[in-house]
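Please keep the sequence and the model in view while reading.

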Amino acid sequence: MLNGIYLANAKLHRTRQAMEAFGKVVDYGLKGDRLAVKFLFKPGSTQFYTDRKVRAPYDSWLEKIAERTSTNKSCLEIVGHTSATGLAAINDRLSGLRADYIKDRLEDNDRSLRGRIVATGKGSREMIVGTGKDDSSDALDRRVEFKTAKCGV
């Protein structure tokens with residue numbers, strides 16, 4: 001429901017209401033095991049997917065995730081993924097770099113998150129689509145995901 005409220009407000013260009021709804025999506029995810037947010041990347045890169053409609057809200061999302069994670073005193077694991085194209089060792093490294101990129105962006109938005117975010121890479125071991133074409137059909141495989149994590153003492 002919260003995703004629907006966010007999407008409807010975003011489509012109607014109600015930015016403030018959309019981001020309020022997105023903040024609730026983040027809060028809900030932080031209380032559970034996983035944030036329902038994925039950032040998609042260009043093939044073989046740590047740069048975001050090129051479709052402007054897809055990547056347009058990414059900066060706002062990162063700000064809101066940092067804000068809500070800090071406010072809730074939560075900890076996160078950021079998990080990077082790749083498509084099946086390429087060597088496994090390279091995909092493992094690339095997925096970790098994608099996770100590190102998002103971790104750095106969140107920590108740049110809120111320095112209190114330092115030490116509360118862990119970045120890991122899964123390579124192509126957890127694909128969603130699995131076509132290996134490196135085109136828009138398998139864009140979901142080139143992503144980062146967020147999982148809640150236990151905070152260290």
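Does Asp92 count as buried, partly exposed or exposed? At 30% relative accessibility, Asp92 is classed as partly exposed, where buried means under 20% relative accessible area, exposed over 50%, and partly exposed in between (1.4 Å probe, protein chains only). The model is predicted, so local features need pLDDT of at least 70 and side-chain atom pairs count only at pLDDT 80 or more, while totals for chains, interfaces and linings use all residues. Residues are numbered from 1 along each chain as its sequence is written, and side-chain values use heavy atoms, with hydrogens and water left out.

Asp92 forms a salt bridge with Arg125, the closest N and O atoms lying 2.6 Å apart; the term denotes a side-chain nitrogen of Lys or Arg within 4 Å of a carboxyl oxygen of Asp or Glu. Because Asp92 lies in helix 5 and Arg125 in the loop between strand 3 and strand 4, the pair ties together parts that are 33 residues apart in sequence. Arg125 is exposed, at 56% relative accessible area. Helices (H or I, at least four residues) and strands (E, at least two) are DSSP runs, numbered from the N terminus.

Helix 5 (residues 88-109) also belongs to a right-handed β-α-β unit with strand 2 and strand 3; right-handed here means that, with the strands pointing away from the viewer, the path from the first strand over the helix to the second runs clockwise. Strand 2 (residues 75-80) and strand 3 (residues 117-121) run parallel and are joined by five bridges, pairing being assigned if DSSP finds at least two bridges between two strands. Within this pair, Gly80 stands opposite Gly121.

In the whole structure, 11 salt bridges are found.

The structure holds one disulfide, defined as a pair of cysteine sulfur atoms within 2.5 Å. Cys75 and Cys151 form this link, with their sulfur atoms 1.9 Å apart. The pair links distant parts of the chain, with Cys75 in strand 2 and Cys151 in the segment after strand 4, 76 residues apart. Cys75 is buried at 5% relative accessible area, whereas Cys151 is partly exposed at 37%.
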